[in-house]
Amino acid sequence: FIYPLFVHEEGSEAIPIASMPGCMRHTAESLLAEVESALAVGVSSVVLFPKVPEARKTQGAEECFHPEGLVPVVIRSLKERWPELCVVTDVALDPYSSDGHDGLVAPDGRVLNDETVALLCKQALTQAEAGADVIAPSDMMDGRIAAIRDALDGAGHTEVSILSYCAKYASAFYGPFRDALDSAPRGGDKKTYQMDPANAREALREVALDEAEGADMLMVKPAGPYLDVIRRVREATTLPIAAYQVSGEYACLKAAAQQGWLDERKVVLESLISIRRAGADVILSYFAKQAAG
């Protein structure tokens, strides 16, 4: 498992996320306790997602590579306490952008691919220098894997791995996550750079490109509604495959269990087994700590 965790710096207490029952937006302090409890049941990898204050969001998303920003500070804190913890970091602009998109946005509304990739490299370097073990670009810009690999290697971070969000679909299941980070697009949608849910073959083209560019692991997102894609990707590459059981999947199961309509333990384990059966080597899930326990 990789355990997704939300962090914020607005106030001194962890904040419950209404659309994701049981999940919290952690402070740097409460995050330490949550990671400790995850390690206790055998979950040794986490991925960090920041809730950035509105005052620090800009069109240029400059906060994404600030060396004293929320994510680098949290990485250093985690690695200082648990050097063996595998820290994965998200690389994309949407938490830092006043436009709410994964890339820079032109005045006419186009997302600027190449200009974004240059910024993603700076973000990845900042995270690697803070101690990140795995860089996970979730932006879906073209050519960003090769550019990030070159940037990391050029700065001496040859041991830092890249987990590429290779087949990331323009899914309606991301809603609770965007609520948690307040990162929804302020205009338009993400269909020009995320994948069409009706298209499975495109995933294989993305696999070939990202593998050639130097990705160490490949991701399918979401997981449950795309088990067929996980299977196709598994058969197309020998690289490790990750699958992300996203916020909407989590919220559906939690809500049904709270209503007494489903047995939470049974349906969660069944859903995770199905993702594993489809071919995933690694699962990102908000149920990671529960399931491991």
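User: What does cysteine 86 count as at 21% relative accessibility?

Analyst: Buried means under 20% relative accessible area, exposed over 50%, and partly exposed in between (1.4 Å probe, protein chains only). At 21%, cysteine 86 therefore counts as partly exposed.

User: What kind of model is this, and what is left out of its side-chain values?

Analyst: This is a predicted model, in which local features need pLDDT of at least 70, side-chain atom pairs count only at pLDDT 80 or more, and totals for chains, interfaces and linings use all residues.

User: How many disulfides does a search of the whole structure find?

Analyst: A disulfide is a pair of cysteine sulfur atoms within 2.5 Å. For cysteine 86, the closest cysteine sulfur is that of cysteine 166 at 19 Å, too far for a bond. Cysteine 64, which is buried at 4% relative accessible area, has its closest cysteine sulfur in cysteine 121, at 11 Å, again too far for a bond. The number of disulfides found in the whole structure is zero.

User: How many residues of strand S4 (residues 45–51) are buried?

Analyst: Strands are DSSP runs of E with at least two residues, helices are runs of H or I with at least four, and both are numbered from the N terminus. Ser45, Val47, Phe49 and Lys51 point one way from S4 and Val46, Leu48 and Pro50 the other way, and all are buried. The count of buried residues in S4 is seven of seven.

User: Which residue of S5 is the bridge partner of leucine 48?

Analyst: Two strands pair if DSSP finds at least two bridges between them. S4 runs parallel to strand S1 (residues 3–8) over six bridges, with tyrosine 3 standing opposite valine 46. S4 also pairs with strand S5 (residues 86–91) in the parallel sense, over four bridges. In S5, the partner of leucine 48 is threonine 89.

User: At what angle do the axes of helix H6 (residues 201–213) and helix H7 (residues 227–236) cross?

Analyst: Two packed helices are described by the distance between their axes and the angle between them. Axes are lines fitted to C-alpha atoms, for helices over the stretch in contact, and angles run from 0 to 180 degrees between N-to-C directions. The axes of H6 and H7 come within 10 Å and cross at roughly 35°.

User: How many residues of the contact of H6 with H7 are charged?

Analyst: Contact means heavy atoms within 4.5 Å, and here it is made by Arg201, Ala203, Leu204 and Val207 of H6 and Val229, Arg232, Val233 and Ala236 of H7. Ala, Val, Leu, Ile, Met, Phe, Trp, Tyr, Cys and Pro count as nonpolar, Asp, Glu, Lys and Arg as charged, and the others, Gly among them, as polar. Six of the contact residues are nonpolar and none is polar, while the number charged is two.

User: What is the omega of the cis peptide bond that joins lysine 221 and proline 222?

Analyst: Proline 222 lies in the loop between strand S10 (217–221) and H7. The cis bond joining lysine 221 to proline 222 has an omega of about -5°.

User: What is the phi of methionine 140?

Analyst: Methionine 140 lies in the loop between strand S8 (134–137) and helix H4 (144–154), and counts as buried at 5% relative accessibility. Although methionine 140 is not a glycine, its phi is positive, at about 70°.

Note on methods:
Residues numbered from 1 in each chain as written. Heavy atoms only, no water.
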